[in-house]
Amino acid sequence: MTEFAFACTGVRADRYAAGPTLVFRLRVTAAGNARVHALALRCQIRIEPARRGYAPAEADGLKDLFGERSRWGSTLQPVQLAQVSVMVPSFTGETETDLVVPCTYDMDVAATRYLDALDGGEVPLLMLFSGTAFTGTGGFRVEPIPWDRETSFRMPVTAWRETLEQHFPGCGWIRLPRDTMDALLAYRSRRALPSWEATLRALLDERGTTDPPRTDPPSTDPPSRDALRTDPFAALTRSTGRTAP
């Protein structure tokens, strides 16, 4: 079987992608200057949080993922970033190719939450490879790529931030259930507010100045649709268990 080795030589933000996308530059080496007709490659990319240090502010931002720092010895487990495929064209001995990785901006995804909590530095990644190789000189052979092929790479946090800033400059994103979105839209329409930012600020101002703090435990019964349209925060407090934003 042909021995393959992989290395990641760099990463950049794709300026022309429809959504946030990272492009990793991958070097593929076939031992003995072997002839490779094509390579159907699969790559699983994992974040390895235990392989870097964290400032106090970063540690605070990671509490919802890993808990208190005192527990990190057991909770700081790998987080999957992506699983992608790429077809590598014909080469002899060695070649380089782009590995395109779409990124989500959903804060409910663990990898996005982890990356957003970092102030700077590098993200320790582990890239695991598998797939099928078509090799040979006088014809071709079909060979599996062993599951133990892997490489490490330290991605600058700035690369991920640049990727998101190209598509959502200065913005974040929150995924909400449909009933909450309907309630927020009704609230915005009633007050003729010009943007979602103005809508949320108005809600926060109202809740901060007019509502007394609640001392009774929140109800576990789902609010009615009419209640949601009257108070959009009803759905939010039901899902988070909080009594105030």
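**Reading the labels in a predicted model**

Glu58 lies in helix α1 (residues 56-61). The model is predicted.

Q: Why is Glu58 called buried?
A: Buried means under 20% relative accessible area. Glu58 has a relative accessible area of 3%. Therefore Glu58 counts as buried.

Q: Which residues is Glu58 in contact with, leaving aside its neighbours within four places in sequence?
A: They are Arg52, Gly53, Ala117, Leu118, Asp119 and Gly120. Contact here means heavy atoms within 4.5 Å.

Q: Why is the pair of Phe66 and Tyr114 called edge-to-face?
A: Ring centres must lie within 6.5 Å, and planes over 60 degrees apart count as edge-to-face. Phe66 and Tyr114 are 6.4 Å apart centre to centre, with 75° between the planes. Both conditions hold, so the pair is edge-to-face.

Q: What makes this a link between distant parts of the chain?
A: Phe66 is in helix α2 (residues 63-66) and Tyr114 is in helix α4 (residues 110-117). The two are 48 residues apart.

Q: How do you know that Phe66 and Tyr114 are buried?
A: The limit is under 20%. Phe66 has a relative accessible area of 4%, and Tyr114 stands at 0%. Both therefore count as buried.

Q: Why is the charged end of Arg188 said to sit over the ring of Trp196?
A: For Arg, CZ must be within 6 Å of the ring centre and within 35 degrees of the ring normal. The charged end of Arg188 is 4.9 Å from the centre of the Trp196 ring. The distance is therefore within its limit, and the charge sits over the ring.

Q: How do you know that β1 and β2 pair?
A: Pairing takes at least two bridges. Nine bridges join β1 to strand β2 (residues 21-30), so the strands pair, and they run antiparallel. In β2, Val28 is the bridge partner of Phe6.

Q: What makes β1 and β6 edge strands?
A: The open sheet of three strands has the order β1-β2-β6. Strands β1 (4-13) and β6 (94-102) each pair on one side only.

Technical notes: Residues are numbered from 1 along each chain as its sequence is written. This is a predicted model: local features need pLDDT of at least 70, side-chain atom pairs count only at pLDDT 80 or more; totals for chains, interfaces and linings use all residues. Side-chain values use heavy atoms; hydrogens and water are left out. Rings of Phe, Tyr and Trp (its six-membered ring) pair if their centres lie within 6.5 Å; planes under 30 degrees apart count as stacked, over 60 as edge-to-face and the rest as tilted. Helices (H or I, at least four residues) and strands (E, at least two) are DSSP runs, numbered from the N terminus. Buried means under 20% relative accessible area, exposed over 50%, partly exposed in between (1.4 Å probe, protein chains only).
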